Amino acid sequence: MNWFLNLIRRKPIVKILALIGAVILWSFVMQDQNPMIDTSYRVPVTMLNAPEGSKVEIAEESVRIKLRGARSAIAAVDEDDLKAVVNLNGVEPGTHKVKIHTVIPQGVEAVEISPETVEVTIDPIVQRTMEVTLIRGGQIPKDMAVAGISSEPSAVTVEGPSS
């Protein structure tokens with residue numbers, strides 16, 4: 001046990017400096033083994049809280065998300081973990097630019113989202129009842145005659161976007 005205490009007591013400054021150097025070298029090697037990298041993913045845009053009874057059109061079907069993180073964290077990212085969401089809660093009918101929100105796993109950060117906003121058009125679905133009007137056209141052969149024209153039903157209901 002004495003030899004161990006003598007070993008510690010001799011040249012303590014050199015030993016402390018060697019320990020600090022070893023820690024710095026270890027952290028450098030660990031950083032070099034798992035460096036920060038960037039990568040990009042194409043993610044489909046999903047809509048939340050789309051108004052009932054409306055046709056919703058979105059200008060961009062997908063966005064590009066650029067992620068930055070340690071190589072091990074980026075390697076663990078699955079494309080299903082990434083989400084690009086447009087929240088349409090409270091958005092009135094018409095054309096609007098809406099901000100895209102992203103959901104990404106822990107350990108990585110979103111550096112860039114392209115585009116950051118997306119154009120959304122909300123068009124309410126309407127119904128109209130219209131009378132059926134028959135228009136006689138074409139030529140009737142000379143040896144035939146038209147006894148009458150009628151339609152059943154006399155009105156139809158048409159449904160579609162108001163535009």
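A nonpolar core is defined as a set of buried Ala, Val, Leu, Ile, Met, Phe, Trp, Tyr and Cys residues joined through side-chain atoms within 4.5 Å, where buried denotes under 20% relative accessible area, exposed over 50% and partly exposed the range in between (1.4 Å probe, protein chains only). The model is predicted, with local features requiring pLDDT of at least 70 and side-chain atom pairs pLDDT 80 or more, whereas totals for chains, interfaces and linings use all residues. Residues are numbered from 1 along each chain as its sequence is written, and side-chain values use heavy atoms, without hydrogens or water.

The largest nonpolar core comprises 19 residues, and L67, V86 and V120 have the most contacts inside it. Two or more residues each are contributed to this core by β1 (36-48), β3 (62-70), β4 (83-87) and β8, strands being DSSP runs of E with at least two residues, numbered from the N terminus.

Four salt bridges were counted, each requiring a side-chain nitrogen of Lys or Arg within 4 Å of a carboxyl oxygen of Asp or Glu.

D123, located in strand β8 (residues 117-131), is buried but has no salt bridge; K55, its nearest side chain of opposite charge, is 6.4 Å away.

Technical notes. Helices (H or I, at least four residues) and strands (E, at least two) are DSSP runs, numbered from the N terminus. Lys and Arg count as positive and Asp and Glu as negative; His and the chain ends are not counted.
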